[in-house]
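Reader: Could you walk me through how to read burial in a model like this? I'd like the general idea first, then the case at hand.

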Amino acid sequence: MKILGVSLFFFIFLAPFAFVTVQAFTGTYGINYGRIAKNLPSPDEVVTLLKAAKIRNVRIYDADQSVLKAFSGTGLEIVVGLPNGNLRDVSADGDHAMNWVQDNVLAYLPDTCIRGIAIGNEVLGGSDQFSGFLLGAVKNVYNAVNKLKLSDVVQITTAHSQAVFANSFPPSSCVFRDNVVQYMKPLLEFFSQIGSPFCLNAYPFLAYMYDPEHIDINYALFLPTEGANDPKTKLHYDNLLDAQIDAAYAALEDAGFKKMEVIVTETGWASHGDENESAATVDNARTYNYNLRKRLAKMKGTPVRPKNVVKAYVFALFNENLKPGPTSERNFGLFKPDGSISYDIGFPGLKSSSADSLLLSLKDNRGCDWCGCYSIILTMATAFLLVFST
């Protein structure tokens, strides 16, 4: 009877999870929730805005307790971040990594749907301040996740800027920069072993600002244009984002990782900028983000990878008025701090000038998706095993 009970337990409760591949992204559209600002809505109000906009996938750049608590029971799926400043300690000490995962991930599962951990952000391609610590931190965090039996639930990644590439146009000519390869190849080797994607922060806005004489702004904004042809592959591109993604695929193939998927972890367009940032306008930001949303809704791939559906996180949820740098850096938000939209890109239920009406209508609108169901299943499974093991 005990053997029969354990066998039934496995087939009923564990078999559905036995061959699960980690997927940190549901659908094709997500958003980055940065908080370098004052007077932002509370995390509970942010949940209301996200649910009203039907945005399920969210990335944050740390593991803030107030955010993780607010997301509990909502059905929203979140990727937390290990900041660059933590890489040295986590790389040097596996116990430090374990403590971080226990405190910032395990403690909130399964009620908060933490689907991934981003190890640093844009570590490679700039200064080498943290480059030597990235791989060690990735391995130690993954080992901690694996020991905690979370490796089929929580995906480990790191996001790269386009500074890691050389010769990004035409896309087929793209390779990793010489000073990046020594760090990138062992990182990609490990990611290929654990099934993680290549995460790219891709900004047609920045590419256009850098070379407006040779890049058609319509090409950057997903508007009708002659586009561009890749002379090597003979493929045609009607928008710049697809070309940036395929450039990443070319670099991956050149490095020996042809099968690795590319996911866009940041993309967006600034709505306001300095005098030398003339492309940063409300009209351009609205056009880019509206057309991006339409492009992602088509559930299609790129010319080089037509079967790999493009997935992207928009940058960003809010304008972040405390960020350093040019004015554009503080004006990527789709929403204003009062909960109203910065400009209309088709999100329903966000026409109000404040979040008050949304909070009244959606205060208790919290769903039970996979994470909630998983909690119920674990409880039932435990009871079932206890009955048949006695």
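Reader: Let's start with helix α2: which of its residues are buried?

Author: Keep in mind that this is a predicted model. The general idea is that a residue counts as buried when its relative accessible area is under 20%. In α2, that applies to Pro 43, Val 46, Val 47, Thr 48, Leu 49, Leu 50, Lys 51 and Ala 52.

Reader: And what does that say about the helix as a whole?

Author: Helix α2 covers residues 43-52, and eight of those 10 residues are buried, so the rest of the structure largely encloses it.

Reader: Now the cysteines. Is Cys 174 buried or exposed?

Author: Use the cut-off again: Cys 174 has 1% relative accessibility, so it counts as buried. Cys 199 is buried too, because its relative accessible area is 4%.

Reader: Zooming out, what does the chain look like?

Author: The protein chain has 13 helices and 12 strands. Of its 390 residues, 50% count as buried. Among contacts with a separation of 6 or more, 70% are between residues 24 or more positions apart.

How values were computed. Residues numbered from 1 in each chain as written. Predicted model: local features only at pLDDT ≥ 70, side-chain atom pairs only at ≥ 80, totals over all residues. Heavy atoms only, no water. Buried < 20%, exposed > 50% of the residue type's maximum accessible area, 1.4 Å probe, protein only. Helix = DSSP H or I, 4+ residues; strand = E, 2+ residues; numbered from the N terminus. Contact = heavy atoms within 4.5 Å.
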